Amino acid sequence: MIYTITVNPSIDYVVQLPHMELGSVNRLKHTAKLPGGKGINVSQILNDLEQPNKALGFIGGFTGTFISEALKAKGLDCHFTKIADDTRINVKIHADEETELNGAGPDITASEIDAFYQELANLTPDDVVVMSGSLAPSLPDSFYYDIIQKVEAAGANFVIDTTGEALKKTLPSHPLVVKPNNHELADYYHTTFNSRDDIIAAGQRMLKEGAQHVLISMAGDGGLLITADAVYFSAAPKGHVINSVGAGDSMIGGFVGTFAKTHDAVESFRYGLACGSATAFSEDIATRAKIDEILPQIKIEQLTN
């Protein structure tokens, strides 16, 4: 089983208007209310790939009910922990410029955290736990680290989509895959890259520090997969980028979902790139049809062995 964790989901209230004038009444041309959260995005891709998964996290109030019902309508297997406080609402304004008003998140009590941990009580070595997105302010900074300890104790695998110091703390626990882009990787090692070889060297260093696989996105310059055995490259597929939000989550979903079925890192890389690009070329998280459309464009080249 793959478990995705979205500890601070949201309703994303997306509004569109040609021009926004502060201090005045503005008439909206279009609105949409969408369930938001990085782990939720991963679960949607896993569903597209027909990979069983459970979506975990915290939801509460009428906003939490909306998210749960919307996701169940999409076919997600939701096992959210109910909390007393309301799930947050994020406002996304698309006008002259894009503006976001993001809620901080609900208060989550110690007893609610304990109830959440029960969802992870029966982990097995065949399971993967994917942790994505920001923590609610009321959660301890050690929350993800505490989950990793439970994963390690069960002999399971984990993926955590994070950067910087938070990523550094997880590497000794051997995450299944880490997914920095080339800019995040340069920042991580406080350096700059002058060539693809520089990027590869940094990815190999991250592998030595504990990651099982290193997946590096380079936007229009393609992607790299670094394993203990070799380095692989794929050029970026052709398409018009509509929406970069959720592309990284989709890449993780494609990699993890395929790896769970095949244990083939190269095939997982291929699907990860296809899923990430399919979402970037879509208005929302990619559909299976869009993934299948992009997949033939992904050509993997082995650079070293």
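The expected span of a helix is taken as 1.5 Å times one less than its number of residues. Helices (H or I, at least four residues) and strands (E, at least two) are DSSP runs, numbered from the N terminus. The model is predicted, so local features require a pLDDT of at least 70 and side-chain atom pairs a pLDDT of 80 or more, whereas totals for chains, interfaces and linings use all residues. Residues are numbered from 1 along each chain as its sequence is written, and side-chain values use heavy atoms, with hydrogens and water left out.

The secondary structure of the protein chain amounts to 10 helices and 13 strands. A compact globule of 305 residues would have a radius of gyration near 19 Å, and the value for the protein chain, 19 Å, agrees. This radius is taken over C-alpha atoms, and the globule rule is 2.2 Å times the number of residues to the power 0.38. Along the principal axes, the C-alpha atoms fill a box of roughly 60 × 45 × 40 Å. Residues are called buried under 20% relative accessible area, exposed over 50%, and partly exposed in between (1.4 Å probe, protein chains only). By this criterion 49% of the 305 residues are buried. The chain exposes about 14,400 Å², of which carbon and sulfur atoms supply 49%; accessible areas come from the Shrake-Rupley method with a 1.4 Å probe, and for residues only the protein chains shown count as cover. Contact denotes heavy atoms within 4.5 Å. Among contacts between residues at least 6 apart in sequence, 66% join residues at least 24 apart.

Helix 2 covers residues 61-73. At 1.5 Å a residue, its 13 residues should span 18 Å, and the distance of 19 Å between its end C-alpha atoms agrees. The buried residues of helix 2 are Thr63, Gly64, Ile67, Ser68 and Leu71. Viewed down the helix axis, these buried residues fall within an arc of 135°, so they line one face of helix 2; the arc is that of the directions from the helix axis to the C-beta atoms. Their cover includes strand 2 (10-16), strand 3 (30-36), helix 1 (38-48), strand 4 (53-60) and strand 6 (88-94). On the face turned away from the buried side, helix 2 carries the exposed residues Phe62, Glu69, Lys72 and Ala73. Just after helix 2, Gly75 adopts a positive phi of about 95°.

Helix 8 (residues 247-262) has 16 residues, which should span 22 Å at 1.5 Å a residue; its end C-alpha atoms are 22 Å apart, in agreement. Of these 16 residues, 12 are buried, so helix 8 is largely enclosed by the rest of the structure. Among the buried residues are Asp249, Ile252, Phe255, Val256 and Phe259. Met251, also in helix 8, is buried with a relative accessible area of 9%. Apart from neighbours within four places in sequence, Met251 is in contact with Lys179, Leu215, Ser217, Gly272, Leu273 and Gly276. Met251 and Tyr271 lie 20 residues apart in sequence, with a C-alpha to C-alpha distance of 7.7 Å.

Phi of His263 is near 55°, a positive value in a residue other than glycine, and His263 is exposed, with a relative accessible area of 59%. A positive phi, near 60°, is also found at His174, again a residue other than glycine. His174 belongs to the loop between helix 5 (164-170) and helix 6 (182-188) and is partly exposed at 44% relative accessibility.

Thr170 is located in helix 5 and is buried, with a relative accessible area of 4%. Not counting residues up to four places away in sequence, Thr170 touches Ile148, Phe158, Ile160 and Pro175. Thr170 and Tyr145 are separated by 25 residues in sequence and by 7.4 Å in space, C-alpha to C-alpha.

A search of the whole structure for disulfides (pairs of cysteine sulfur atoms within 2.5 Å) finds zero. Cys78 is in no disulfide, and the nearest cysteine sulfur, that of Cys275, is 19 Å away. Cys78 is buried, with a relative accessible area of 15%. Cys275 is likewise in no disulfide and counts as buried at 0% relative accessibility.
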